[in-house]
Amino acid sequence: MKYSFTIMAKFNAEELLQAYAAGERNFRGSDLTGLSLFDTNLSDADFSESTLANAYLPYCQLNRIQATAANLRHSELGDAELYQANLAAADFEGASLVRANLRTANLERANLRGANLRGADLRYANLRQANLQGANLQQANLEQADLTEAQVQGCNFFRATGVDLSVAVCDRTTIYPDGYFYP
């Protein structure tokens with residue numbers, strides 16, 4: 001019987017920045033647990049299936065990154081630029097994405113349970129089948145965002161704009177933009 005397994009490449013912040021500066025963009029399957037970077041450009045990189053749990057990445061430029069099935073649990077991504085990022089099936093449970101730019105991002109089937117997306121820009125984002133249970137989306141912009149079959153139980157949309165919950169899965173704990181609970 002053959003066994004196959006993948007060993008994740010481990011990078012610290014300095015090694016990652018050196019590799020990126022040298023033109024490397026493929027960090028797929030890397031272990032970047034606890035990575036700490038501030039206001040750094042890592043646009044167009046591939047972090048798919050990587051572990052970035054507990055990463056500190058506020059104000060980072062992460063436009064057009066590939067991070068499908070990446071683990072970003074409890075990461076700090078406040079004010080980060082994630083424009084057109086592919087974050088399908090990524091795990092953002094408990095992460096902070098306050099005021100993050102997620103315009104046209106693909107968050108299909110992403111786990112955003114308990115995430116803080118207060119003031120985030122989610123215009124034209126794909127949130128199909130995403131788990132947003134208990135997430136904070138106060139003052140977020142969701143114009144033209146696709147929430148088809150998104151789980152929004154316990155989600156707070158107070159003062160959010162452009163919210164269309166007609167195709168989302170709501171319950172009595174879902175707080176609508178006007179501050180009222182779902183009927």
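At 39% relative accessibility, Y59 counts as partly exposed, because that class holds residues between the buried limit of under 20% relative accessible area and the exposed limit of over 50% (1.4 Å probe, protein chains only). Y59 is placed in the segment after helix 1 (13-21); helices (H or I, at least four residues) and strands (E, at least two) are DSSP runs, numbered from the N terminus. The model is a predicted one, in which local features need pLDDT of at least 70 and side-chain atom pairs count only at pLDDT 80 or more, while totals for chains, interfaces and linings use all residues. Residues are numbered from 1 along each chain as its sequence is written, and side-chain values use heavy atoms, with hydrogens and water left out.

**Surface patch**

Together with F38 and Y56, Y59 makes a nonpolar surface patch of about 320 Å². Patches are made of residues with over 30% relative accessible area and no salt bridge, with like charges joined within 9 Å and nonpolar side chains (Val, Leu, Ile, Met, Phe, Trp, Tyr) within 5 Å.

**Salt bridges**

A search of the whole structure finds 11 salt bridges, each defined as a side-chain nitrogen of Lys or Arg within 4 Å of a carboxyl oxygen of Asp or Glu. Three of these pairs are set out below.

| Pair | N to O distance | Relative accessible area |
|---|---|---|
| D44 and R64 | 2.8 Å | D44 41%; R64 35% |
| R109 and E108 | 4.0 Å | R109 45%; E108 22% |
| R128 and D146 | 2.9 Å | R128 33%; D146 24% |

The side chains of D44 and R64 meet in a salt bridge. Both D44 and R64 lie in the segment after helix 1, so this pair ties together parts that are 20 residues apart in sequence. D44 counts as partly exposed, and R64 is likewise partly exposed. R64 also has a backbone feature: its phi is near 60 degrees, a positive value in a residue other than glycine.

R109 forms a salt bridge with E108. R109 is partly exposed, and E108 also counts as partly exposed.

The side chains of R128 and D146 meet in a further salt bridge. This pair links distant parts of the chain, 18 residues apart, with R128 and D146 each in the segment after helix 1. R128 is partly exposed, as is D146.

E49 and M8 are 41 residues apart in sequence, and their C-alpha atoms are 9.6 Å apart in space.

Rolling a probe the size of a water molecule over the atoms shows where empty space is left. A cavity is a set of points, on a 1 Å grid over the protein atoms alone, where a 1.4 Å probe fits but cannot get out, and lining residues have an atom within 4 Å of a point. Grid points are joined across faces, edges and corners, and a volume is the space filled by probe spheres set on the points.

How many cavities of 30 Å³ or more does this rule give? The count comes to one. The largest cavity has a volume of about 90 Å³. Its lining holds 13 residues, of which L52, L57, L62, I65 and L72 are the closest to its centre. By class, the lining of the largest cavity divides into 13 nonpolar residues, no polar and no charged. Here Ala, Val, Leu, Ile, Met, Phe, Trp, Tyr, Cys and Pro count as nonpolar, Asp, Glu, Lys and Arg as charged, and the others, Gly among them, as polar.

F92 lies in the segment after helix 1 and counts as buried at 2% relative accessibility. The C-alpha atoms of F92 and E76 are separated by 9.9 Å, the two residues being 16 residues apart along the chain.

D79 is also in the segment after helix 1 and is buried, with a relative accessible area of 18%. Although D79 is not a glycine, it has a positive phi of about 65 degrees.

Technical notes. Accessible areas come from the Shrake-Rupley method with a 1.4 Å probe; for residues, only the protein chains shown count as cover. On a 1 Å grid over the protein atoms alone, a cavity is a set of points where a 1.4 Å probe fits but cannot get out, and a pocket is an open set with protein on both sides within 12 Å along at least five of seven lines; lining residues have an atom within 4 Å of a point.
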